[in-house]
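Here's a quick briefing for anyone opening this model for the first time. Take a look at the sequence and structure, then read on.

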Amino acid sequence: MTSQISLLYLLSGALFILGLKGLTAPASARRGNYFAMAGMALAVLATLMNSEVTSYGFIAAGIALGGGIGTLIALKIKMTAMPQLVAILHSFVGLAAVLVALGTYANRAALGTLNTTLMWELFAGILIGAITFTGSLVAFGKLQAILSPRAISFPGRHVLNGALFLCMIAFGVDFVAHESILSLAMMTLLALTLGAMLVMAIGGADMPVVVSMLNSYSGWAAAATGFTLHNHLLIITGAIVGFSGAILSYIMSRAMNRSIVNVIFGGFGAQSADDAMEGIVGDKTVKAAAIDDAVFMMENASNVIVVPGYGMAVAQAQLALSGLLEALADKDVNLHFAIHPVAGRMPGHMNVLLAEADVPYENVIEMDEINPRFSGTDVVLVVGANDVTNPAAKSDESSPIFGMPILEVDRAKQIFVIKRSMKPGYSGVDNHLYYSENCSMIFGDAKEVCEGLVSKLKAA
Amino acid sequence: MTEAMIAFYVFVLACFVGYMVVWGVTPSLHTPLISLTNAISGIIIVGAILVAGFPSDEMESIGSTEIMGFVAITLASINIFGGFVVTQRMLAMFQKKKKTGETA
């Protein structure tokens, strides 16, 4: 490789880092995206300058085809479907990594330049790529509701996965030692199976962690490919992406008070919701309220906080909430949105949905910052969120969600919860909030209730 | 130092860079962070180009590696274009808010 190409790669890597650095604040984020685009363009150009690249037909066709499809999807996709898009894109990186590793193997074998180090690197590249590929496909299936979002768990699952893993390693070792194509094929198949099995066992509600984790895997897959090709740009970029996903997984797990290991192997979502529900719901009663009650309280309030959850996205209530912000602003009432890290189905999902609905980002506040403000808040409106508001996480040591950081809405003067029914959240735990003195339920569809609130506020 | 060792050095240092940079990302932009890293991980296209463009005269497995490279390039391009464009769309939503935001 000539030094010009190496220098271009270095510049490209630096641009990627600057690109991510841009995401420190919304104001610099777009510039960051442009930096990253420039980095990618440079990387492709530099690679085309490589003397090993002699035919351009397939390359141009692939870029044109992929570029067209990618742009089209990106322009059409609904923001509520972002988790699915991200999952399928992760699977593409995984599959591409597998194909590149197999292609590199074929090319090097034809040249007779295989060596043990390269074989190990190829093994690692295929393994990570294949797990990323099928794992992401299953995650996509769950998010798109093609597959059941429930965690599929059965006795002996860990033993079976362990056995699959050991077999895969054994075939890998045989591949490295004897250059056996059969072992290569078997190893690839086993890695593909394992990827699907691992994600299959994770419940739909743990998706923020799964999406982050697969984001991380796709990075490691790129880095492993970098090792096989001795390409430092791939290594740098892969490592950064890998760490990015790992950090997000960590943040998400912490927000659920669970370890990453527990999320991956725990099968938490598989726990039968009925068991946990029993016995708690019985004797306590909740207060029901009408839209008019909430309107009255809100127009006489000075501070209102809305707590959105995935239910808001399902009901498409974000536009109505944006209208609520306007209606209250006209009456000099401050409205803020409180975001729990795991609200929605991927990290930061709520922020994007609210941004799309024209809610200014200054009004959208993260958990740690907004928690101290609840005690000075007159009205809290919970829209499609459940477990993240349950005070049992703080007070009830026997609760399965004890220790999970929550939005401390129970400290507000009055709480309204919009809910379709009394069904518990994904954890299957009954929400103690609903029975507290200062909480009332408004039963109904989130979108209809919010629209009702807005029209009555405007009329009032 | 062997080439593999240098690669390992680069890898470990890049991990540190990733760690430092990503902790600085504001939580409200975590979704764009994922879509941007999605686009960036399309860097696998570099490997795909090297596979597809490999001098192909002297070997029997010509066709298959070129096809593999082609598919990999297509997939990586979907990632690159899809990732960047969707990130741009999202960031534009955050941007737009800035002007109207001050008055609220």
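How many residues of domain 2 of chain A are in contact with domain 3 of chain A? It's 20 residues of domain 2, and they meet 18 residues of domain 3, where contact means heavy atoms within 4.5 Å.

A word on ground rules: this is a predicted model, in which local features need pLDDT of at least 70 and side-chain atom pairs count only at pLDDT 80 or more, while totals for chains, interfaces and linings use all residues. Residues are numbered from 1 along each chain as its sequence is written, chains are lettered from A and ligands numbered from 1 in the order in which they are written, and side-chain values use heavy atoms, with hydrogens and water left out.

**Domains of chain A**
- Chain A splits into domain 1 (1-76), domain 2 (80-270) and domain 3 (277-459), with bounds that come from an automatic or database domain assignment.
- Taken over C-alpha atoms, the centres of domain 2 and domain 3 of chain A sit 37 Å apart.

**Where helices of chains A and B meet**
- Helix 4 (residues 82-111) of chain A packs against helix 3 (residues 45-52) of chain B at about 35°, with axes 9 Å apart.
- Helices here are DSSP runs (H or I, at least four residues) numbered from the N terminus; axes are lines fitted to C-alpha atoms over the stretch in contact, and angles run from 0 to 180 degrees between N-to-C directions.
- On the chain A side, the contact uses A:Val100, A:Gly103, A:Thr104 and A:Asn107 of helix 4, and on the chain B side B:Gly47, B:Ala48 and B:Val51 of helix 3.
- Sorted by class, that contact has three nonpolar, four polar and no charged residues.
- For the classes, Ala, Val, Leu, Ile, Met, Phe, Trp, Tyr, Cys and Pro count as nonpolar, Asp, Glu, Lys and Arg as charged, and the others, Gly among them, as polar.

**The largest cavity**
- A cavity is a set of points on a 1 Å grid over the protein atoms alone where a 1.4 Å probe fits but cannot get out, and its lining residues have an atom within 4 Å of a point.
- The lining of the largest cavity includes A:Ile131, A:Met213, A:Tyr217 and A:Ile264.
- Helix 7 of chain A gives the largest share of that lining, three residues.
- Seven of the lining residues are nonpolar, one is polar and none is charged.

**Around A:Lys394**
- You'll find A:Lys394 in helix 17 (residues 392-395) of chain A.
- Leaving aside neighbours within four places in sequence, A:Lys394 is in contact with A:Phe402, A:Ile406 and A:Glu408.

Methods
1 Å grid on protein atoms, 1.4 Å probe; cavity = no way out; pocket = protein on both sides within 12 Å on 5 of 7 lines; lining within 4 Å. Helix = DSSP H or I, 4+ residues; strand = E, 2+ residues; numbered from the N terminus.
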